[in-house]
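Q: Could you walk me through how the parts of this structure pack together?

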Amino acid sequence: MDPFEYIRENVNIIELSQYYGMEIDRHNKTLCPWHSDTHASLSFKFNRCKCFACNASASNIDLVCQLFGLEPLQAVSKINTDFGLGLDLQEDYKPDMTEIQKRQHARDLEKAFDSWVDRTYSEYAQIARKYWSDIMKYRPAMEEDFKPEYVEAIHKWEVINYKLDLLLNGSTKEKMALFREKTDRERGEAS
């Protein structure tokens, strides 16, 4: 098996980071080694890390390269030794470019999806503010004076807030379902 792939898939980046002295808080964040960080801006997800201040993104191997000033093969050798993996590291090792391209494609898809989540959250937050404004504008003085605009705004505000909550706190599966729903609706409107 490809030692790079084995390490990326089987060595937990949080455990590796802690092993090499990084202090990770309860939110799985730490100081970023790529810039002089004063607030924990490096977070961990899907066995990778990403800094939301400098935008650096890395695998566990990339992180070891950065921490110790090593080349990738040296980092793999260090992780192999330090974690007792017993991987056979041949001097003439050639990376599997097809696998590297597949992983890069998967990372690109993940970035595109994260970007969609951010854009959609902003869009829905703006819509929610409009509905809240309508709720305040059409709020009845007495219970009997419900205007249709008020009722519609209340209903839509609750729906959009549910979607905002999914985008902020939902699982990847829930976010993907929202993505499918939104893109299907947009395709239907375009027809």
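The chat below goes through helix packing and aromatic pairs.

Q: What kind of model is this?
A: This is a predicted model, in which local features need pLDDT of at least 70 and side-chain atom pairs count only at pLDDT 80 or more, while totals for chains, interfaces and linings use all residues. Residues are numbered from 1 along each chain as its sequence is written, and side-chain values use heavy atoms, with hydrogens and water left out.

Q: At what angle do helix 1 and helix 4 pack?
A: Helix 1 (residues 3–10) and helix 4 pack at about 55 degrees with their axes 10 Å apart, where axes are lines fitted to C-alpha atoms, for helices over the stretch in contact, and angles run from 0 to 180 degrees between N-to-C directions. Helices here are DSSP runs (H or I, at least four residues), as strands are (E, at least two), numbered from the N terminus.

Q: And which residues make that contact?
A: Pro3, Phe4 and Ile7 of helix 1 meet Pro72, Leu73, Val76 and Ile79 of helix 4, contact meaning heavy atoms within 4.5 Å. These residues divide into seven nonpolar, no polar and no charged (Ala, Val, Leu, Ile, Met, Phe, Trp, Tyr, Cys and Pro count as nonpolar, Asp, Glu, Lys and Arg as charged, and the others, Gly among them, as polar).

Q: What about helix 6 and helix 7, how do their axes cross?
A: The axes of helix 6 (residues 148–169) and helix 7 (residues 172–190) come within 9 Å and cross at roughly 130 degrees. The contact is made by Lys163, Leu166 and Leu167 of helix 6 and by Glu174, Lys175, Leu178, Glu181 and Arg185 of helix 7, and it divides into three nonpolar, no polar and five charged residues.

Q: New topic: how many aromatic pairs are there?
A: A search of the whole structure finds eight, where rings of Phe, Tyr and Trp (its six-membered ring) pair if their centres lie within 6.5 Å, and planes under 30 degrees apart count as stacked, over 60 as edge-to-face and the rest as tilted. The rings of Tyr20 and Phe83, for instance, have centres 6.2 Å apart and planes at 75 degrees, so this pair is edge-to-face.

Q: Is Tyr20 buried or exposed?
A: Tyr20 counts as buried at 16% relative accessibility, whereas Phe83 counts as partly exposed at 26% (buried means under 20% relative accessible area, exposed over 50%, partly exposed in between, with a 1.4 Å probe and protein chains only).

Q: Which cluster do they belong to?
A: Ring pairs link Tyr19, Tyr20, Phe68 and Phe83 into a cluster.
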